[in-house]
Amino acid sequence: MATFNLKVNGKNHQVDVEDDTPLLWVLRDHLGLVGTKFSCGVAQCGACTVHINGNSTFSCVTPISSVGNSEVITIEGLSEDGDHPVQKAWEEVDVAQCGYCQAGQIMQAAAFLKSNPNPSMDEIDNAMNRNICRCGTYHKIREAVALAAKTK
Amino acid sequence: MSTVTRASRRDFLKIAGTTAGGLFIGFNWFSCDSPKVEVLSTEEILSQAKNFSSYLSISPTGDVVIYSPNPELGQNIKTSFPMVVAEELDADWEKVRVVQANLDTEKYDRQLTGGSGAMPHSWERLRTAGATAKYVLVAAAAKTWNVPAEEITVEKGIISHKGSGKSGHFGEFVASAATMTAPEQLTFKDKKDFKIIGTPVKNVDAKEMYTGQPLYGLDFYREGMLHAMIQRAPFGMKIKSVDDAAARAVTGVQEVVTFGNSVAVVGSSTWPLMKAKKLLRIEYEPEGKVESSADHDRIFKELLASGKAEVRRKDGNVDAAFKNAAKVVSAEYQCPFLAHSPMEPENFFAHVKGDKCELIGPTQTPDRARQSAAQILGIPAENITVEITRLGGGFGRRLRADYVEEAVEVSRAMNAPVKVTWSREDELTGGAYRPAVRYKFEAALDESGNMTAYKLRGVGMNAGNTTREHNFPSGAVDNVLIESVNYESSITTNAWRAPITNFLAYAEQSFLDEVALEAGKDPVQFRLDLLQRAKTNPVGELGYDVDRMIGVVQAAKEKSNWGKNPNVKQGFSVYFSHRSYVAQVADIAMEGGTPTLKKITAVTDCGMVINPIGANHQVRGGIVDGMGHAMYGNLTFENGVPKQKNYDTYRLIRMKEVPEIETHFLTTDFDPTGLGEPALPPTGGSIANAIFAATGRRLRSQPFIEQKEFSDIKLDIRRA
């Protein structure tokens with residue numbers, strides 16, 4: 001066990017865990033931030049997507065020992081009141097079915113739009129292709145990302 | 001036209017005030033032909049709080065709380081059920097709050113999610129709830145104002161009397177309403193006056209989902225709760241010995257518990273358990289059949305040829321018809337096993353406390369969870385509470401209670417609250433699956449290309465009846481023989497979204513395409529001719545409404561511009577399942593020498609559409625699901641263990657693989673039917689038939705990408 005100091009959603013946290021513990025499980029089991037979802041655990045589905053220094057990252061394969069002083073943002077910290085343009089677009093388009101993957105989808109979309117504020121539909125498809133939605137809400141995800149790009 | 005229900009004597013509905021002055025309306029769904037009202041004193045209500053926390057409550061401030069009994073897994077029932085209640089109540093939707101009800105078999109019946117059955121089952125019950133509440137509120141207002149109830153109108157939670165100019169919100173009348181008697185007969189709103197039903201209403205959990213609030217079972221944590229992960233035996237094997245020394249040595253592992261053929265590692269957080277589980281050294285030995293996919297292929301072929309079949313339907317004389325046929329068409333179709341793979345892996349919380357037990361988590365069948373726990377613990381079911389969380393998908397997987405039973409076992413062994421979490425590898429290797437199935441179709445054609453006989457034999461695994469013998473084309477053909485053969489596999493199987501029809505529809509609709517082309521007929525006209533026959537001169541029992549099926553076929557033909565564009569190759573498919581009708585046309589265009597799947601047009605008749613957003617979601621989602629699994633889904637076995645253990649080898653459809661999907665809904669006056677499943681079954685057929693039209697390659701097995709007929713076809717997908 002080792003002690004790690006983390007900065008998550010602008011707050012400092014200290015956790016005592018093994019150094020190979022994935023960030024995902026530190027967030028969920030130790031910090032109570034359960035918005036970041038566990039689904040595949042092997043960087044295939046994107047449900048666990050968070051931002052590390054602004055980059056979308058699969059937290060399920062990110063060992064806590066590699067996080068260091070980086071700025072971690074989770075779905076809970078993406079905006080103050082759920083009013084990030086991507087979250088608003090998700091509400092407007094009413095994207096979700098079961099909703100389980102959507103936090104990861106939103107985090108991926110938010111990081112993508114930050115790096116590419118005026119994407120083409122093809123670029124949206126490429127960026128969102130790394131997140132799986134088992135309910136098949138892909139059309140609505142695409143629509144919401146395009147809307148967020150327009151309304152930001 | 002308004003619907004009127006007649007009261008029965010049985011106790012269905014209770015109305016009462018509370019000390020706070022609110023109005024509660026409680027239902028006993030079990031005895032519910034129609035309502036009978038019982039007015040209780042405040043003391044009685046409080047003493048019966050369990051029976052009365054209930055279905056609908058209105059506070060003195062006019063806020064309406066509607067409890068949604070059925071598990072929500074993405075089918076949108078938590079939004080659409082309350083819409084129906086609010087409609088008949090004439091509530092202000094903005095003031096409605098929806099709460100997921102816990103399991104309560106006294107208040108609710110059919111408190112489960114499966115079979116696309118919730119809406120058809122509850123439609124009238126939900127209307128009754130809203131209409132009864134409105135009736136007593138209006139009666140209370142009439143009494144207060146001393147005006148005739150018939151002169152009172154209600155709109156958006158405001159009760160008004162035009163003549164006297166009086167008006168007030170629901171909350172002002174709840175205390176008085178609680179003393180009213182519900183009517184013996186109840187009049188529902190005219191459908192043309194609906195203000196909420198038929199309008200796009202957004203998901204009631206949207207905010208929580210998009211801000212990461214705890215909603216799902218896996219998000220449930222409690223102080224002092226232990227975590228558990230479990231190693232299960234390969235199918236057909238049992239434990240011979242367990243060496244858990246290395247697993248116990250992992251920091252954070254508190255205990256290793258063996259029960260049945262499962263070994264649980266238990267600790268205070270999840271990650272150490274994932275590591276420890278891999279360090280368990282378990283020796284297994286055969287207990288029954290230890291199967292591999294190659295065995296299944298062989299068994300299918302043997303049983304198709306010689307297996308003792310159950311005759312499901314027999315019309316006319318099939319043998320004679322085939323003997324006299326001008327042409328015989330025959331083909332076999334096969335599909336693999338599939339996992340349900342909901343994005344939220346299986347998990348459940350259990351806290352066994354002496355002869356009581358608390359269960360919390362994602363389940364499609366909360367009562368089955370409770371009954372299973374009761375059986376394991378040997379305690380009465382009423383000692384067990386079940387709290388239903390939002391489900392991160394289900395697809396049939398959470399009809400089973402195996403993971404609930406595990407939580408109960410471990411909680412009992414540890415004498416502590418425990419949450420069992422499955423990894424994705426557990427989900428893919430732990431059962432229960434959509435079983436593989438193989439079908440043999442045969443059709444006899446006369447010289448004019450009319451189908452004179454139709455034969456279907458299905459071989460399934462733990463599937464019971466692999467056919468839907470009274471579905472189309474039964475009823476449209478003089479001579480029919482439909483048979484089913486079952487093989488008992490040691491691999492656990494279970495209903496998977498649109499059980500049986502999720503593959504049967506593809507096989508049947510592809511085969512009918514083959515028959516139509518052999519008969520020299522247009523595939524749509526071929527079906528319409530058969531349907532016309534079934535309408536004018538039906539043969540035997542019909543399990544479908546011919547006119548409704550013709551309706552979606554005709555509409556899909558028009559909406560897709562069937563056969564009008566020589567540059568677009570089209571595939572047609574139509575299927576009736578779970579009370580709804582869906583026809584589809586897939587369009588493939590050759591672009592730069594590459595076949596490009598451009599669009600799927602779907603026409604649905606599900607009766608009245610409650611929520612167009614939800615309806616669109618279910619149809620598009622069902623098509624994406626059907627397409628993804630037809631194209632890519634494959635779970636194969638070696639010695640009782642699946643070879644595909646995670647999404648790197650078990651492929652699910654992604655963003656870039658979905659074409660444009662255009663949805664249409666027929667406007668009909670039928671009562672609403674469910675939509676969770678019906679759009680999926682026709683999908684494989686429309687796509688496979690379009691691929692044939694474009695390439696001449698007939699795909700008779702899934703997944704398409706692993707068929708040799710498909711190996712040199714580079715199917716491009718054109719997104720919207």
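Predicted model: local features only at pLDDT ≥ 70, side-chain atom pairs only at ≥ 80, totals over all residues.
Residues are numbered from 1 along each chain as its sequence is written, while chains are lettered from A and ligands numbered from 1 in the order in which they are written.

**Domains of chain B**

Nine residues of domain 2 of chain B are in contact with 11 residues of domain 3 of chain B; contact here means C-beta atoms, placed from the backbone, within 7 Å.

**Where the chains meet**

Let's turn to the two chains. In chain A, 48 residues are in contact with 49 residues of chain B. Helices α1 (23–30), α2, α3, α4 (121–128) and α5 (138–151) of chain A each supply at least two residues of that side of chain A, and α5(A) gives the most, with four residues. Helices are DSSP runs of H or I with at least four residues, and strands are runs of E with at least two, numbered from the N terminus.

The table sorts two contact surfaces by class. Ala, Val, Leu, Ile, Met, Phe, Trp, Tyr, Cys and Pro count as nonpolar, Asp, Glu, Lys and Arg as charged, and the others, Gly among them, as polar.

| Side of domain 2 of chain B that touches domain 3 of chain B | five residues | two residues | two residues |

**A sheet in chain B**

Seven strands of chain B form an open sheet of mixed pairing, in the order β14-β15-β12-β22-β19-β20-β21. Its edge strands, β14 (253–259) and β21 (384–388) of chain B, each pair on one side only; strands pair if DSSP finds at least two bridges between them. Strands β19 (residues 347–353) and β20 (residues 356–361) of chain B pair in the antiparallel sense over five bridges, and B:Phe349 stands opposite B:Ile360 in β20(B).

Helix α11 (residues 366–377) of chain B lies across β19, β20 and β21 of chain B, at about 150 degrees to β21(B). Helix α12 (residues 402–414) of chain B also packs on the sheet, with its direction at about 40 degrees to that of β19(B). Such angles run from 0 to 180 degrees between N-to-C directions, with axes fitted to C-alpha atoms, for helices over the stretch in contact.

Definitions and conventions. Contact = placed C-beta atoms within 7 Å.
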